[in-house]
Amino acid sequence: MSDATAAGASGIAKTIKVDALARVEGEGALYVRIKDGAVKDIKFRIFEPPRFFEALLRGRMFSDAPDITARICGICPVAYIMGASHAMEDALGVMPSPAIGDLRRLLYCGEWIESHVLHAAMLHAPDFLGLDDALQLAKSNRAVVEKALALKKLGNDILEVIGGRAVHPVNTRVGGFYKAPAPAAVAALADRLRWGADAAQDLALLFGGFDFPDYEYDYTCVSLRHPDVYAIEAGRLVSNRGLDIALAEFFDHFGELHVAHSNALHGVMTDGSGPYLVGPIARYNNNYAQLSERARDVAKQAGLGPVCNNPYRSIVVRMVETLYACEEALRLAEAYEPPAPPAADVVPGPGKGYGCTEAPRGICFHHYVLDAEGRIVTATIVPPTAQNQPQIERDLLGVVEANMGMADDDLKWRCEQTIRNYDPCISCATHFLDLRVERD
Amino acid sequence: MVAVRKPKLAVWKFSSCDGCQLSLLDCEDELLAVADAVEIAYFLEATRAQVKGPYDVSLVEGSVTTPEDIRRIRKIRKQSKVLITIGACATAGGIQALRNFNRVYDFITAVYAEPDYIETLATSTPIQDHVPVDFELRGCPINKYQLLEVVNALLNGRRPVVPAHSQCVECKAHGTVCVMVSQGTPCLGPVTQAGCGNLCPSVNRACYGCFGPKEMPNTASLAGWFGDHGLGPPHVRDFFRSFNAGAEPFRRESEAHE
């Protein structure tokens with residue numbers, strides 16, 4: 001459902017539109033209008049219908065929030081489960097044991113592996129090869145697709161072993177877990193994770209050899225940072241411009257803007273400094289030194305420096321992070337001892353709390369206020385794609401300006417590819433995509 | 001020998017989290033075989049390629065929440081020989097059907113600063129409220145093995161083997177200790193359709209009904225037991241009012257505890 005029209009032989013004025021963007025999770029569209037060789041308008045629309053999570057959480061018990069918010073996104077439910085759980089624990093003064101924290105990080109590694117491989121290999125890689133999808137890739141190189149599928153399955157299997165189910169896990173709760181997984185089941189992951197690290201390395205090096213479009217942007221990178229490890233499930237909020245704040249200070253620095261063309265609220269920095277970037281490149285640029293030696297070495301071999309400002313190379317960063325997630329999951333699986341008890345005691349009551357984790361697509365922020373009974377008075381959720389939306393529009397502007405002479409169909413594909421750099425989860429941002437470029 | 005045309009499969013999305021169509025991509029061991037057996041004619045989450053209808057089989061995820069959705073599902077129905085709904089959103093309205101119990105404008109103003117920018121219906125409704133559906137596959141999310149069974153059955157011209165009995169039967173078959181009897185934990189298993197793979201009770205958790213009501217569920221009796229286990233009316237209401245809140249037996253029972 002896309003079309004491109006060129007008005008006038010010179011092609012000076014035209015519109016490019018993609019009405020329903022493929023290989024993203026959810027629904028969105030892009031509209032670009034070009035006149036006299038200049039971009040007059042760019043709108044990256046999210047038309048995934050709103051589902052009103054923040055409203056429907058009101059009046060529900062605190063304990064319902066992780067499972068309900070998980071349904072915001074079927075690709076990264078753990079991000080929502082964990083963010084909501086942390087926020088509730090913050091509100092109710094609950095401190096889960098370090099063993100529970102380790103098991104949560106292991107679960108989250110599963111989600112990073114599953115989501116990153118789905119996006120990088122199945123959804124994004126075909127763009128660099130001029131293919132419609134991974135099934136076409138399977139016809140020319142079945143072994144690569146089979147390796148990617150096996151790696152994705154490993155991520156899902158971690159989710160099943162720890163969480164009980166890959167999509168919308170059932171074994172998680174505020175305070176920790178319903179049941180500690182059996183040591184034998186966790187131990188059985190170890191050999192597969194050693195294979196997984198090798199497979200992720202192979203894919204990182206393969207993708208590193210792609211022909212990347214020449215585009216860079218000096219991004220404001222926002223991510224979590226943890227003192228001891230590459231941040232996944234916990235940390236302070238930092239940027240490469242000197243921001244370093246506790247989660248409770250989030251709303252002093254970040255806001256959401258409601259614009260007419262999108263059902264996703266746009267994330268903005270309250271200092272007016274313009275768009276900011278969350279996700280793999282932001283994490284990589286902010287926390288590079290905390291990656292494992294092997295991950296940094298593979299990144300270098302795959303063509304990455306310590307800072308990456310070419311958004312198309314996010315596909316390589318995702319595989320470097322997948323490698324790291326396999327190594328980290330292996331470390332945690334080998335050290336696993338069942339937490340006893342599997343969950344900290346939680347006493348319902350009033351409070352307000354904050355939670356933020358690194359979803360595969362970037363920081364996912366939760367804030368709740370609870371009444372005396374422990375029911376939700378207000379819920380605020382700031383998902384990663386909503387925060388990236390202004391930066392996506394800024395990248396599109398730069399890409400269209402730099403490629404004005406490109407044929408419409410090629411430009412349209414390049415724009416789609418640019419959006420897919422962000423692995424946009426449109427389901428979660430609604431509160432995504434259809435591409436139109438208009439030249440008149 | 002005459003070449004046999006591959007059946008055309010389409011996957012459609014309405015209001016949802018994408019988790020059910022993701023279940024198809026999560027069939028890692030079977031995906032390439034499925035792609036060999038059918039022509040994937042429309043599956044926006046996985047491919048740019050789009051083949052025009054009519055389609056032999058349409059899988060529909062998500063619920064109807066906008067005026068445009070109604071127009072679109074009618075068009076899809078016309079183009080589809082067989083239409084199967086997948087997941088709690090498509091079969092019961094999903095978690096977003098909680099809006100059906102409130103005034104939708106209050107929901108819009110709670111989330112969005114500029115309510116006039118939002119076009120939405122007052123309710124989130126299942127697909128069968130708008131067009132005839134040939135088979136409903138339950139779950140939040142669906143079970144991928146049940147999905148493969150349904151696709152396989154259709155390709156071979158037989159009825160899918162998807163049990164309609166309760167979660168309790170599954171616990172007994174697996175030898176899982178009853179959480180309600182042994183721990184006194186209120187559980188929706190007696191009124192919930194089996195199919196998830198016996199997940200929650202296996203981790204000492206009560207079933208929370210994500211596969212929706214079984215055939216002829218006695219929800220009133222179970223709600224009485226919940227009361228005996230010390231669950232107050234608001235908790236009984238909320239227990240029935242989650243991912244399948246819009247399914248008739250669960251809706252009725254939740255409203256009995258307002």
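In which helix of chain A is the place of Ala91(A)? Select Ala91(A): this residue belongs to helix 3 of chain A, where helices (H or I, at least four residues) and strands (E, at least two) are DSSP runs numbered from the N terminus. The model is predicted, so local features need pLDDT of at least 70 and side-chain atom pairs count only at pLDDT 80 or more, while totals for chains, interfaces and linings use all residues. Residues are numbered from 1 along each chain as its sequence is written, and chains are lettered from A and ligands numbered from 1 in the order in which they are written.

**Around Ala91(A)**

Ala91(A) is buried, because 23 other C-beta atoms lie within 10 Å; the term requires 20 or more such atoms, whereas 12 or fewer make a residue exposed and counts in between make it partly exposed, with C-beta atoms placed from the backbone. Next select Pro350(A), which is 259 residues from Ala91(A) in sequence but 7.4 Å away in space, C-alpha to C-alpha. Leaving aside residues up to four places away in sequence, Ala91(A) touches Gly351(A), Lys352(A), Gly353(A), Tyr368(A) and Leu370(A); contact means C-beta atoms within 7 Å.

Select residues 77-92 of chain A, which form helix 3, together with helix 4 of chain A: the two pack at about 150°, with axes 9 Å apart. Axes are lines fitted to C-alpha atoms, for helices over the stretch in contact, and angles run from 0 to 180 degrees between N-to-C directions. Helix 3 and helix 4 of chain A are therefore roughly antiparallel, a term for angles over 145 degrees. Val78(A), Ala79(A) and Met82(A) of helix 3 meet Arg104(A), Leu107(A), Tyr108(A) and Glu111(A) of helix 4.

**Helix 10 of chain B**

Move to residues 219-228 of chain B, helix 10, where Thr219(B), Leu222(B), Ala223(B) and Phe226(B) are buried. These residues lie on the same side of helix 10 of chain B because they cover an arc of only 100° around the axis, taken from the directions from the helix axis to the C-beta atoms. They pack against helix 11 (233-240) and helix 12 (248-255) of chain B. On the face turned away from the buried side, select the exposed Ala220(B), Ser221(B), Gly224(B) and Asp228(B). Finish at Gly230(B), which follows helix 10 of chain B and has a positive phi, near 90°.

Note on methods: Two residues are in contact if their C-beta atoms, placed from the backbone, lie within 7 Å. Angles under 35 degrees count as roughly parallel, over 145 as roughly antiparallel, 65 to 115 as roughly perpendicular and the rest as oblique.
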